[in-house]
Amino acid sequence: MSALGIVGGVVQPLAVVAGSPVLVGMMRQVRARLEGRAGPGIAQPWRDLRKLFGKEPIAPRGTGVVFRAAPYALVATTLVVSFVAPLATVDSPLDPVADLFAVVALLTAGTVALALAGLDTGTAFGGMGASREMTIVALVEPTLLVAVFALSVPVGSTNLAAIVSSTLRDPARAISPASLLAAVALVIVIVAETGRLPVDNPSTHLELTMVHEAMVLEYAGPDLALVELASAMRLGVFLALLANLFVPWGIATTAGPFAVLGGVLALAVKVVVLGLALAVGEVFLAKLRLFRVPELLAGSFLLALLAVAASFFLA
Amino acid sequence: MTHTFGDLVGHRRTARVIAPDELAEHVKGLLAVGYRPALVAGHDDTTRLRAVYLFTQAGSDHRVELHVPLDRAAERLPSLAGLSFPIGRFEREMRDLFGIVPAEHPLPRRLVRHFHWPRGWYPMRADAGDPPEFGDVDGPYPFRTVEGPGVYEIPVGPVHAGMIEPGHFRFSVVGETILNLKARLWFVHKGLEKLFQGRRPDQGVELAERISGDTAVGHTLAYCIAVEDALDISVPAAARRDRAVLLELERLHNHVADIGALCNDVGHGILHAHAGRIREWLLRANEEITGHRLLRGAIRPGTTRLLAAPDTEFLATIAMDVAEIAGLAVEHSVVRDRFGGTARLTAGQAADLGVLGYVARASGLTFDARHDHPFVRPPLPRSAPSHTEGDVLSRFLIRNGEIQESVAWISALLDGAADLEPDLPGVAARSGVGIVEGWRGAIAHRVEIARDGTLSRVKVVDPSFFNWPALPVALADTIVPDFPLVNKSFNLSYAGNDL
């Protein structure tokens, strides 16, 4: 465990927790301005979280331990990923965990916990949301694994830090066909995984169309705050991983204070740019009919497969 | 036509008193020559009850009333549900409010009757008294159970996540496909028709304006025309023209809101934001024109008072803006995919259910009270509906078409296209009918005025009463996540439906 790893293990979770709600706020604000609305300002998610954390915890009658534990599981898995993955620093405090499969499994574990909580409420909406979420996850996870696998082939390791360092050493790899195909596939699965348009509409109030929101309808107060915070963190982590897998420059490679500060700043810039691009793109999108979502995700899976093929044949 | 229509009692309206056993014969004859049931209402004449059936004919603008007095001993009518689906619904309403039993009704369940009203309490009867305390619930509410592998139910409402009126929807679903939908409404009975009773006609206006908040002009106008018909009040031609303009202004702001909301329901927020901007402009213009953003306060029996004339250039700009929004929506491939072919209501289904307004026109029916029951002459020319597929896309595009048509019609009216014939002299028969094409469809009011000049009965029919049953029909085989979109494409009133 290197000094850089320890520094990263402290700085990264702090940056993710503090910055993710701001990221969501910026995305909403950009979208509001582009649509000609005033918008609530970028600090609104934090204001909402403060309000929710100040409320008394309430759980619906009939729900059990799954329902109460799910928000913590969701936050915990995302925190572990932000602890180990190469976001601001290349080294990891727990290097074996910074593995492609481990990270994807951790993020999926959070999703599954939430889906189980949706089922635990026993309401039609919880079940409906869980069923839709599982349909999407079943299509998303293979693509996610295959796309990152395409990146790991030239490196010969599924360790995320190794992939990032390798791209740092050999910048041409970032624009190889395999890398570009994998990037497109990853963008689509990240949009699906984080519940953004055109797969899910995070701002809808229509219960029957919801996916993610339907699972968390029964949450209130601090539990809801944890779910909201975790959703924002997942979005931040996904965007940070996407950025670092393809454009790792700026990430801290030494434990010096300026290097680490530079790493955090680079992370913030990259994530904000990606987030804003996502927000701007959403203005022009509409939500797909639910049964069209698998077609979109099948397309992204195909791209990921092509990326793997390209990484073998064109490397 | 071998029918004798009875005596002339109002504007193009004849009435005839018949016995219950003659009813089916008469109604059959009227339906056969193209009459449509516009309104069925119970009346409590203290010594006896009376049912009134109002039929209207689109081509001739004739209105025919059948009055069926019922002795206190035998408060029964033969059910006509087999002849006409809407009459069957009116019969259930009459039974729930007056206790007039439709004999052998195929679906004798309660309709408007509130769950908690005591059995045998009929709120519209003269001796009903104040609303009682809520009693025991009146038996379980029967939902049709759909059985089979993988079928489950989704209950939604009556309290919803958004700011909408109360309605409970019970979906029977396989996977995401809707097999059956039951819409349970009638949570908000306000006793509105009873509130009219005993008021002077000019005091009824404030109630009519509030029957359905988004249809202030439509209901007020139908009410005023009915009162004028009953008392033979003649309305100056200019006032009738202004009423026609107000009716179109109401159509404009509601259709614009719906166009935006439909885009929002498929997640295309930017078009919703722009529709919201246009609607706000229209509401501000409404305030300049009438002093009220929702156009209240302008129409009174016998008169219409505008503070300013509408700016036709401004409205032409609005129409272009809306056309651009509608164009952007349907050119967006995802939006088009969501709208096109979703929840189709065939022309046959629409005709059988007696559907009205844009919902009917989007399925290819042409009925439009502005043309068929006009109060300005010459009436709005009948135009063939531009989109007749009966799906969400048609209901979306037909709104845009109606906005364009409304703006052109307002300009034509203000330029003096209507030659402003004087009002036809009628008879003051103390009963009157007003039929108006509100933005949702044809609104019908029927008033009766007592000897002392107060209202003795006001019956209000919002087009939503006819259109609600069409929603579950259109939704068969649609997927659950499309329901909010389909519901918005119908955009039916709860308040106007449950009086």
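Me: What should I know about numbering and confidence before I start?
Reply: Residues are numbered from 1 along each chain as its sequence is written, and chains are lettered from A and ligands numbered from 1 in the order in which they are written. In this predicted model, local features need pLDDT of at least 70 and side-chain atom pairs count only at pLDDT 80 or more, while totals for chains, interfaces and linings use all residues.

Me: How do you know what confidence the predictor has in chain B?
Reply: On the pLDDT scale, which gives the predictor's confidence in each residue from 0 to 100, the mean for chain B is 91, and 97% of its residues reach 70 or more. The model as a whole scores ipTM 0.88 and pTM 0.91.

Me: Why is chain B called as compact as a globular protein of its length?
Reply: The globule rule is 2.2 Å times the number of residues to the power 0.38, and the radius of gyration it is set against is taken over C-alpha atoms. For 499 residues the rule gives 23 Å and chain B has 22 Å, which is close, so the description holds. Chain B contains 16 helices and 15 strands, where helices are DSSP runs of H or I with at least four residues and strands are runs of E with at least two, numbered from the N terminus.

Me: What makes α2(B) largely enclosed by the rest of the structure?
Reply: A residue is buried if 20 or more other C-beta atoms lie within 10 Å of its own, exposed if 12 or fewer, and partly exposed in between, with C-beta atoms placed from the backbone. In α2(B), 13 of the 14 residues are buried, so the helix is largely enclosed. In chain B as a whole, buried residues make up 50% of the 499.

Me: How do you know that the span of helix α2 of chain B is close to the expected one?
Reply: The expected span is 1.5 Å times one less than the number of residues; for this helix of 14 residues, 85–98, that is 20 Å, and it reaches 20 Å from its first C-alpha to its last. Just after it, Gly99(B) takes a positive phi of about 75°.

Me: What makes residues count as part of the contact between chain A and chain B?
Reply: Two residues are in contact if their C-beta atoms, placed from the backbone, lie within 7 Å, and the contact takes 25 residues from chain B and 21 residues from chain A. On the side of chain B that touches chain A, α7(B) gives the most, with 5 residues.
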